[in-house]
Structure formats: C-alpha cells, structure tokens
Amino acid sequence: MQLSRDQLLQAYRRMVTIRAFEERLHDEIAKGEIAGFTHLYAGQEAAAVGICEHLADDDFIVSTHRGHGHCLAKGVDVKGMMQEIYGRATGTCKGKGGSMHIADVDKGMLGANGIVGAGAPQAVGAALSCKMDKQGKVAIAFSGDGACNQGTTFEAMNMAVVTQAPCIFVFENNHYSEHTGPDYATATATDIAGRAAAFGMKAWRANGCDFFETYDTMRELLDYVRAGHGPAAIELDTERFYGHFEGDPQRYRGEGELDRIRAERDCLTAFRRKVTEAKLLDDADLDAVEAETRALIDEAVDEARAAPLPTPAMVLEDVYISY
Amino acid sequence: MAQMMMREAILETIRDEMRRDPKVMMLGEDLVGGMGTAGGPEAIGGIWSTSTGLWEEFGSDRVIDTPISESAIIGSAAGAALAGKRPIAELMFADFVGVCMDQIWNQIAKFRYMFGGKSKCPVTIRLVYGAGFNAAPQHSQAVYSMLTSMPGLKVVLPSTPADAKGLLTQAIRDDDPVLFFEHKALYGIKGEVPEGDYTIPFGHARQVRSGEHVTLVTCGMMVSVCERAADQLAQEGISCDVLDMRTTSPLDEEAILDSVELTGRVVLVDESPPRCSVASDVAAMIANKAFAALKAPPQLVTAPHSPVPFARELESAYLPSPPKVIDAVRTVLAYR
C-alpha cells in the first residue's frame, strides 16, 4: 500500500523518537542519573511502529518487558514517559511504575509488564471487550521470543481461538530471551509463528527490521481479523541493539555481532534508503525529522530533571479508588 | 423479602447486574457446561448452579465459557476491565488461585498504583472455598488470609444469602478489584433476602449476636460455628458479642475495637491456618490498639498449620468447631 508523504514522515518520526529516546536513556543511565532496571527497545522500532501505525486510540495494545517502543508507537507522551523513568511525580505513572510499567489507558496502551508473558491473556480480555462492542476494534498482544515460552502465552492463544477474540499476537523475535538464545530456550527456535498456527490461527512472518514489510503484513492481518476470522499471529524477525537491561555486559554476543546488525539490519537506515531511492522523501526531510526529534528528547530530559520529586505521602495514593 | 438459598441469591444478583449494566460480563470454566458435547450447552448450567440460564439470556459474548486456563481467565478479566468492562471471573475452586496468582497479585492488584491512578480494574473474582466436603488438600482451602495481605485487593466473605446479595452487588459495582469468597457449605443455606436494589458497603462488620462477656470475631463459614457456640454458651449465662467481619480487606477495625472495649475478652475464629492469618492479624491489631481494655490474652481458633486432610475423621479434627470455640471462650473467661 502506498503511504502518503505525511504518513511516511509520521512513521519515521515515531521510529526516530524511539531510537533517540533509548539512546539518550542509555547515556543517562551510564551516568547514574536514572534508578532501577531499564530495558531498551532500540533496534526493534520498525516492529512497534509498523504494527501501531494501523491502530487508533481505541484499539488496544498490551506490551512486554521491553515496552518503551510500544508506548511511543501508540502515542504515549514522550515527556511524561521521560519524567516517569526519572521517577518524577509528574511522570506518566507519578513515579509509581517506572520503565517497566508505563501505561496510558486513554491511548489504548494497557501496560508494559515486569512479568515476562503476563500480557497475552490481558490482550485476549481487551479483545473480548472489543468483540462485545462490535465496533471492529482489535487488541494486540506483543510478546518476545522469551514470552513465547510462558504457559500464559499458550493459554492466551488457545483461549483467543476458542472465543474467536479479535486479538493479534505479535511475536518479536530479537534472538535473545534475556541473555539466552532461542536455539537453546525455544524448542521451535526458528519458528514461533508455527506455534500460533498449531493453535489454529493463521500466522504470518515478516522482517521486523523492515518497516514497510511489517506495515503491509499487518494490514493483511487486520483485514483478516476485522473480517471476523478470530485471532491471528505474526512473527517479526528483529534485532536488539542493547543488552537485556542497561548495564548488561552482553558477553553472550558473538564477535562483531553488534556492528554487523547495526550495519545490516538497522530499520532506520533501511527506511531512509527505501524512501529516498523511490523519491518519496529526500534526505533533507528525514534530517529535519531527526533534528526535531533530538531537540524534543533534549527538552524532555531537561524537563524531567527539573520536574518535582514525589513526596513520601504519595506512597499511599492510588492503592485503591476508595477503601 | 424472599426466602432463598445463597446460591440462588448469587445467581439472581449476577443476573440483575447483567441486566442493569451491559458492561458486566462473566468468564469461567463450565459456566455454561456441556459446550462441545453431545449434551450441548447448558447440559450442566454451571457446576455450582450459580450461572444457570445466564448464557441463554446474555449470549456467548457476555457469558464466556472458558477452557481450563485460570491464568487466561483472570488475565482476560484484567484486560477486559482495563478496556472498560466489568468482568466477573469464577475460580471453580479457590485453591486454583495458585495457578493464576500472578494475574491477581502482580497485575490486577497493582495496575492502578503502577499506572499512577490513571486506570481502574473493576474485576470481581468469585472463589469457591472451604473445607467440609472431603475434597482433600487441593479443593478445600480457605485461602483468603493470604489474599487479604495483598495491597490493592478487597476481600469479601458473605455468610448469609442476604449478605451474598448486598456484598456481591457492591463488588460488581465497585471500581476496585474484589475477591469474593463463597463457601461451598453455605451455598445450600436459606435465608431472607431483600428484594430490589441492595448493596452493603465494604468495611462494615455485622453484629451477629449481641453480648457482653466475650467478643467473637469471625467471617465466612465460621460465622455459623460461632453462632452455635454462642447459643450453647448463652444457656450457661455467658453472652458473646459475635462479629462477622464480612470484609477482611478493608477491615472494620472500629467495630472490633468497640466490642473489645466492652468485653475485654476476645476469641478470633478463622478457617485458615494460623500463621499470618486473618485471626493473627486481627489479634495483633487488637493488642496494638486496645491493650488496656484486654482482660485476657486473645485466643485463636483456627485450622492447624497443616494442609486440609481428606478422610472424614481427619477433616473434622482439622476444622474449627463449636466445641473448640467454647473451649477458647472458657479460657479467656478463666484468665485472671
């Protein structure tokens, strides 16, 4: 499908926002500015954006342990997220959730998760809600090659088929579940989509480092699911540019592996090449998006640093609505 | 007022709430029963008869008969609630809570807090609990103490058909997640149930018997054990103030403390094992907040620190009973 100039610019802006956000966090965490565990999404931008560019605020996504990219792709506020990761009272979650728990229900983003594999059943529930409403809305369960080994994921796939829930299972295979490779940890290492097929779902595969391939394939899935065929799945082959968590020495990586994947599988490079060769956008357009995005991230960090810290009294807020 | 069994009160409450609010939905194993069999849908109608006829009236989008997948049931309820629905999820046996604990404890209980107060998760989880049916260690437990300790959850235990209606209506309408514990042995008991719209706010204990010599604090199935003990003691001129907590989270501390201030003697009766139990928790609260009023150390009548055994003789020995409560009352009264 041919995207308009505005659509192309928006997709690129979203991908660059994720990349710039994560690269900046990588630097700031190394300086000791940010507390806790942070799992960066850089490298996988085309997956989140290729999926979410098809969705509206009232479609739902349930994210993973590596959730910043899904949040940004679904339109969660950049500055609110930065303030959250900085542990500020003004953050998206008032400093209660941090990197692993960013959510914005108004944007249809039902949460990243500290528990690998916990999200898929929740996406089925959101999809059942969509099915009740009969408005053609869908729910997306993002899972990695780690979460694909959790029983919750199997239960969710089975239940989605049994209930014919309009749920799309997106498996992002970045080749590492934490610090372990799929050849060891995933019995069907090169084939996660086949698991979904085994549960009776139609399953697609795409290059998750190619925005256009991901986007076009997702269009097919959406048409299929919205036509009332029940759930569907897609496996995206993608790459993780950083460690499992920030501070991970990544001794499991092969010699020259990071240089190779950055050189050969960078989704931003691929996007730029494709749109400039096809003369859909020129380098100046893309450079302008990058400059604006970097400026936005600078602003987000400055504002996060200046934002108010939470107070001890806030510990007890929002445990219940009323108690 | 209508006479009905607790299971009928529960079924009627769910039906009324589903008629009133199109956002209310149900998920659980064999809620319909017979799906995919020669007998066909409604061949069972819910194994506890608490969902009979609901599928026929409300259809499969709202009454979802699930596979045996507790994590998917509770996880789906969580997702549907975040998406704006009011799911009622059933755990056929409360013991299965272990299978889906992550979805309850790490997910549902924490969403609102983790998300900075910008979400609500109005899930009601119905858990069928309790011993007395020789159902052995994995189908008999009173697991409410463990869940009472978890911030973000409300824990409710009706002891009469009327309370079942009032508390379940409140649970379904409540914007926080509620764990609603239904004792197997109470399903068949009969009582007067108010007609029409009827809710009971959480955190308000019910005074079951009024008395001045000793306070009995209890909940769920143990309420009737305490009533029988109190009736027997009354014949000897010993009067018990029997309080049914009704909700262990939130806890009506005020009602308990007021009673202890009056009697100075207290027995806590709890079907769960003693360590980190509702009984030990309330005893600590009383010692902490009403120490000066106490004339005797609080006594605990609980299940022992063991799994629930199978054989009749063993299960009878395991469960708190009126004689055990009476012994404990005599102990606190004899203390000088």
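## Where the chains' helices cross

The axes of helix α5 (residues 119–133) of chain A and helix α3 (residues 70–82) of chain B come within 6 Å, crossing at roughly 55 degrees. An axis here is a line fitted to C-alpha atoms (for a helix, over the stretch in contact), with angles between N-to-C directions running from 0 to 180 degrees. The α5(A)/α3(B) crossing is right-handed, a label for the near helix being turned clockwise from the far one by less than a right angle, with anticlockwise giving left-handed.

On the α5(A) side, the contact residues are Pro121(A), Gln122(A), Ala123(A), Val124(A), Gly125(A), Ala126(A), Leu128(A) and Ser129(A). From α3(B) come Ser71(B), Ala72(B), Gly75(B), Ser76(B), Ala77(B), Ala78(B), Gly79(B), Ala80(B) and Leu82(B). Contact means that C-beta atoms, placed from the backbone, lie within 7 Å. Sorted by class, this contact has 10 nonpolar, seven polar and no charged residues. The classes put Ala, Val, Leu, Ile, Met, Phe, Trp, Tyr, Cys and Pro in nonpolar, Asp, Glu, Lys and Arg in charged, and the others, including Gly, in polar.

## About the model

This is a predicted model, with local features needing pLDDT of at least 70 and side-chain atom pairs counted only at pLDDT 80 or more, while totals for chains, interfaces and linings use all residues. Residues are numbered from 1 along each chain as its sequence is written, and chains are lettered from A and ligands numbered from 1 in the order in which they are written.

## The chain B face

Ser71(B), Ile74(B), Gly75(B) and Ala78(B) of α3(B) meet Gln103(B), Ile104(B), Gln107(B) and Ile108(B) of α4(B). This contact splits into four nonpolar, four polar and no charged residues.

Chain A has an open five-stranded sheet in the order β1-β2-β3-β5-β4, with parallel pairing; strands pair if DSSP finds at least two bridges between them. β1 (60–62) and β4 (202–207) of chain A each have a single partner strand, so one side of each is left without a neighbour in the sheet. The twist averages 20 degrees from one strand to the next.

β1(A) runs parallel to strand β2 (residues 139–144) of chain A, joined by three bridges, with Val62(A) opposite Ala141(A). α5(A) packs on this sheet, touching β1, β2 and β3 (167–173) of chain A, and its direction makes about 170 degrees with that of β2(A).

## Two domains in chain B

Chain B is divided into domain 1 (2–193) and domain 2 (206–334), with bounds from an automatic or database domain assignment. Their C-alpha centres lie 27 Å apart. Domain 1 of chain B puts 25 residues into the contact and domain 2 of chain B puts in 23. On the domain 1 side, α6 (144–148), β6 (154–156), α7 (161–173) and β7 (178–183) of chain B each supply at least two residues.

Another open sheet of five strands, in chain B, has the order β9-β11-β10-β13-β14 with mixed pairing. Its edge strands are β9 (206–209) and β14 (299–302) of chain B. Strand β10 (residues 214–218) and strand β11 (residues 240–244) of chain B pair in the parallel sense over five bridges, where Thr215(B) has Asp241(B) as its bridge partner. Helix α12 (residues 322–334) of chain B lies across β10, β11, β13 (266–270) and β14 of chain B, at about 175 degrees to β14(B).

Terms used
Helix = DSSP H or I, 4+ residues; strand = E, 2+ residues; numbered from the N terminus. Contact = placed C-beta atoms within 7 Å.
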